Amino acid sequence: MREVREELSIQVDQEDLDLYKSLNIDQRAGFDEIIHHVFNNKSRVFFVDGPGGTGKTFLYKAILARVRSEGLIGIATATSGIAASILPGGRTTHSRFKVPITLKENSTCTFSKQDGTAKLLRMASLIIWDEAAMIRRQAVECLDRSLQDIMGCTLPFGGKVMVFGGDFRQVLPVVPRGNRAQVTDASLQRSYLWDNMHKIRLTRNMRAQTDPWFSSYLLRIGNGTEETIRDDYVRLPEDIVIGYTHDNEDSINMLIQNVFPSLVQNARLAQYMSTRAILSTKNEHVDQLNSKMIAMFPGEEKVYHSFDSVDDDSVNNYPIEFLNSITPNGLPPHVLKVKTNCPVILLRNLDPNNGLCNGTRLMVRAFQDNAIDAEIVAGQHQGKRVFITRIPMSPSDDISLPFKLKRKQFPIRLSFAMTINKAQGQTIPNVGIYLPEPVFSHGQLYVALSRGVSRSTTRVLVKPNQELDCNFTKNIVYKDVLNC
């Protein structure tokens, strides 16, 4: 089977095997317990819990290298494409397990007992699922039912050794138009599986060695213990705040200059572009920033227009001009402007085995009328050149539209700026945060601030409200989720 051959062909680097020697006490205890269960074929479900910087990915790499070095199959997956690209042989959970997009309480994965995915899962000695805190519990339960079915075993996940990981201080599952109770109900901690998961707590923050005060501040933000005033507003460290002027454009230009200094001189360098991004709360703010950045970026501009239509609209109720004017979540814009060397992010799983996952960051190296030549700039496939073509796409679940839009366009967006949710799972050494309005969901401020590595490379631009200045912004934390 192709799936089995691909997993067995993953090379184990000596560097990853040597990671075991560098594990701290918390990591080594978790490593030893998980490896013991794998090598003794003992069923167990683990959850690796720890804030950003405690080395969850470091631990996964060490475990995968040890398991694969013995000729066993260790499957590495993550909820987001960015997190998956960091793991050796990583794939998104939806592409690996064929989890349906629309989930119900009794859903099962869409593979059959006879296909390659089922055979791979039966042979697997270990399955890792990173960033599980941001997936709806129904997706995890869906895999549980499917594994019990193909394994013919009623133990959780068919008796497999499962390792979930995540941080509940970060953003929770997205529930369209959902209120606090619905979002909380969708989290993994409300699953019937949660109480049977053995918790591995990682507490030693490796980033704290370079900036201990900032790491402590981030933890207080994530736990909701930082002192607040007036409807959950917290004070930001003054040395990371960009002063807001009455001319908003001047403030944005200052933020861009701090995150992307000497842009023209460094525009060709993947190392420069891949270590910088500006984060914001909503797509409309991100689009504004990306439009501004592509205009500043050196080089000749290429404009690609999409081909839009509506399924089952034989009488043309919706004018093309209207379809062109909307950009639902998960779709590229109708007008896509790119330049050579500009950064983009992939919006679909095109070829997960070769690094083309939803969330993969790339740089455009060349373009023709019907193809874009791009280079992957992060993760295990860094440096690989790929060709991207137009494909038909539809919003996966956009209840705001009374029709099903079909857009044929390149499945990419500019990524000078991206949403906070999209950035979860990656480290951005030079990060800017643009907050023209406060965050609106649990964990967003914590995720945005914790993408950076220190105060010296983190900059925040906040539009002040009528009562508080630009040093204050809102923090939203659902403490009932953290207390589970």
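**Salt bridges across the chain**

R455 is partly exposed, with a relative accessible area of 25% (buried means under 20%, exposed over 50% and partly exposed in between, using a 1.4 Å probe and protein chains only). This is a predicted model, in which local features need pLDDT of at least 70, side-chain atom pairs count only at pLDDT 80 or more, and totals for chains, interfaces and linings use all residues. Residues are numbered from 1 along each chain as its sequence is written, and side-chain values use heavy atoms, leaving out hydrogens and water.

**R455 and its partner**
- R455 forms a salt bridge with D239, their closest N and O atoms being 3.6 Å apart (a side-chain nitrogen of Lys or Arg within 4 Å of a carboxyl oxygen of Asp or Glu).
- This pair links distant parts of the chain, 216 residues apart: D239 sits in the loop between β8 and α11, and R455 in the loop between α17 and β22 (helices, H or I of at least four residues, and strands, E of at least two, are DSSP runs numbered from the N terminus).
- D239 is also partly exposed, at 44% relative accessibility.

**Two further pairs**
- D149 and K113 form a salt bridge, with the closest N and O atoms 3.4 Å apart.
- Here D149 belongs to helix α8 and K113 to the loop between α6 and α7, 36 residues apart.
- D149 is partly exposed at 44%, and K113 is partly exposed at 41%.
- E437 and K282 meet through their side chains in a salt bridge of 3.0 Å, N to O.
- E437 is in the loop between β21 and α17 and K282 in the loop between β9 and α14, so this pair ties together parts 155 residues apart in sequence.

**The wider picture**
- Salt bridges with shared partners join E105, R137, E141 and D185 into one network.
- The structure holds 28 salt bridges.
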